[in-house]
Amino acid sequence: MQISVYLYALIACSGLTLSALENGSDAPALLLVSFDGFRADYLNKYSLPNLEKFFSDGVLVRELTNVFTTKTFPNHYSLVTGLYAESHGMLASIMYDPVSKKHFSIQNDSDPFWWDEAIPIWVSVEENGYRAAAAMWPGTDVNIHNHTLKYTFKYNSKVSFQARLRNLTQWMTEDKSVKFAALYWEEPDWSGHRYGPDNTTEMGNALKEVDSHIGFLMDHLNKTGLWGKINVIITSDHGMTQCSPERLIELDKCISAGSYTVVDLTPVAAIIPLEDNSTVYKNLSTCHEHMKVYLKNDVPDRLHYKNNERIQPIILVADEGWTIVKHGNLPRLGDHGYDNMLPSMHPFLAAHGPAFRKGYKMSSFNSVDLYPLMCHLVGISPKANNGSFARVRCALVNEQCGELALAVGIVIGVLIILTTFTCLFKLMKNRDASSSRPFARLELDDDDADDEPLLE
Ligand SMILES: [Zn+2]
């Protein structure tokens with residue numbers, strides 16, 4: 001009783017609550033921003049004063065473990081659904097569905113068929129009676145589950161970062177029911193592919209521009225009265241690694257061109273055999289020491305990349321920095337898509353706003369954990385997902401975490417000691433009181449009166 005009162009008082013005094021959902025109607029809006037291809041260690045290698053200012057007053061997660069394949073569409077859909085690629089169905093930048101015989105590419109992505117295996121957060125937000133807004137985030141201009149956003153753009157890479165943000169903030173300030181907004185920007189991915197991440201001059205220029213966009217974002221949110229009022233998350237989909245003409249894997253050297261079809265090529269190739277599966281598999285599996293070859297059912301479980309009809313019968317995975325081609329030259333100096341265990345494939349995350357701790361740093365979490373966190377922030381129930389709110393909740397100011405657990409431990413310890421001393425004191429006091437008369441009588445050596453004090 002005494003302990004529970006102390007705990008209640010402690011929690012009440014600290015303004016701390018258990019991990020209940022934010023009340024949706026009271027929850028501040030959330031702005032999610034992705035800078036495509038922002039590799040986690042760019043934070044250590046380049047000067048990013050605006051980004052540092054952003055997270056110095058908020059949260060920094062140095063590294064996110066993203067999902068396989070570490071490509072743009074799979075990872076952007078995982079961020080907003082909390083699902084691995086095999087579960088949300090957006091498996092690569094180029095796909096083929098053997099049942100419907102449909103083809104998907106990032107230039108031909110607006111058929112809901114490809115997106116309907118999952119329900120992204122913006123659809124759930126609107127199903128809960130709020131509005132969502134989006135600027136170029138993959139999928140936000142698609143009619144997913146018969147739901148088209150009112151506040152969105154058709155994808156157009158020529159629209160500036162500033163214009164994307166201005167539209168979002170206008171929608172957010174004019175319509176208070178907007179709870180969730182998502183913004184996508186193409187850099188530093190574009191420069192990473194063109195120059196390779198080892199080109200520090202070009203990457204330095206690209207990241208300087210990205211950092212200036214973050215500076216604009218803070219200024220603009222200040223001017224529109226949103227800074228400090230809304231929650232803002234800046235993150236990315238994947239990293240980037242250096243490729244080289246010295247690290248080419250040429251399929252034509254291992255297998256006849258007529259024996260297979262390639263759906264997607266590098267660094268994860270999706271192969272449909274046109275001849276006997278086992279012969280094609282055998283030829284490919286001895287093709288190159290820097291290329292792993294899997295029959296679909298043998299893809300390692302940790303990659304979560306086999307339970308979907310859109311995954312082709314044979315999957316080839318190049319080692320880091322190696323490029324798979326049929327023949328010919330290196331297509332790009334930088335690439336991503338490789339094994340999601342590789343640190344070079346990992347992005348970062350930073351967050352700022354009323355829900356987040358200030359000056360708090362975490363080493364890592366999984367990118368699928370972001371979805372339950374975002375649902376919590378906007379006050380809606382998450383759909384079934386592969387993420388964990390428990391792994392990320394320490395980023396939030398209102399969650400019980402390390403410090404509170406320690407404080408509760410100290411209070412319980414002090415209470416136990418106090419209770420023990422109080423009991424001992426009472427026992428000794430009772431003993432003193434009850435022993436004064438028998439002691440006197442013992443002196444008199446009066447056997448008949450031994451039990452008398454006990455009868456009182
Ligand atoms: Zn890319």
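Helix H11 (residues 370-378) has nine of its nine residues buried, so the rest of the structure largely encloses it. Buried means under 20% relative accessible area, exposed over 50%, and partly exposed in between, with a 1.4 Å probe and protein chains only. Helices (H or I, at least four residues) and strands (E, at least two) are DSSP runs, numbered from the N terminus.

This is a predicted model, in which local features need pLDDT of at least 70, side-chain atom pairs count only at pLDDT 80 or more, and totals for chains, interfaces and linings use all residues. Residues are numbered from 1 along each chain as its sequence is written, and side-chain values use heavy atoms, with hydrogens and water left out.

**Enclosed elements**

- The buried residues of H11 include Leu370, Pro372, Cys375 and Val378.
- Glycine 379 follows H11 and has a positive phi, near 75°.
- Strand S6 (residues 178-185) has eight of its eight residues buried, so it too is largely enclosed by the rest of the structure.

**Strand pairing**

- Two strands pair if DSSP finds at least two bridges between them.
- Strand S1 (residues 30-35) pairs with S6 in the parallel sense, over six bridges.
- Opposite leucine 31 stands alanine 181 in S6.
- Strand S5 (residues 131-135) also pairs with S6 in the parallel sense, over five bridges.
- Arginine 131 has valine 178 in S6 as its bridge partner.
- S3 and strand S4 (residues 102-105) run antiparallel, joined by four bridges.
- Methionine 95 has phenylalanine 104 in S4 as its bridge partner.
- S3 and S4 form a hairpin with four residues between them. Lysine 101, in the turn, has a positive phi of about 60°.

**Zinc site**

- Donors are N, O and S atoms within 2.8 Å of the metal (3.2 Å for Na, K and Ca); water is not among the atoms, so sites may look incomplete.
- The protein donors of the zinc ion are Asp189 (OD), Asp189 (OD), His193 (NE2) and His336 (NE2), at 2.1 to 2.4 Å from it.
- The donor residues follow the spacing D-x3-H-x142-H in sequence.
- The site is irregular, with angles of 55 to 146° among its four donor atoms. Four donors count as tetrahedral if all angles lie between 85 and 135 degrees; four count as square planar and six as octahedral if opposite donors are over 155 degrees apart and all others between 65 and 115; anything else is irregular.
- Aspartate 189 and histidine 193 sit four residues apart in helix H8 (residues 189-195), about one turn of the helix. Both are buried.

**Cavity and pocket**

- On a 1 Å grid over the protein atoms alone, a cavity is a set of points where a 1.4 Å probe fits but cannot get out, and a pocket is an open set with protein on both sides within 12 Å along at least five of seven lines; lining residues have an atom within 4 Å of a point.
- The structure holds one cavity of 30 Å³ or more.
- The largest cavity contains about 130 Å³ of space. Its lining has 19 residues, and Ala92, Ile94, Asp264, Ala270 and Tyr305 lie nearest its centre.
- The largest pocket contains about 860 Å³ of space. Its lining has 37 residues, with Thr72, Phe73, Ser93, Ile106 and Gln107 closest to its centre.
- H8 gives the most to the lining of the largest pocket, with three residues.

Notes
Grid points are joined across faces, edges and corners, and a volume is the space filled by probe spheres set on the points.
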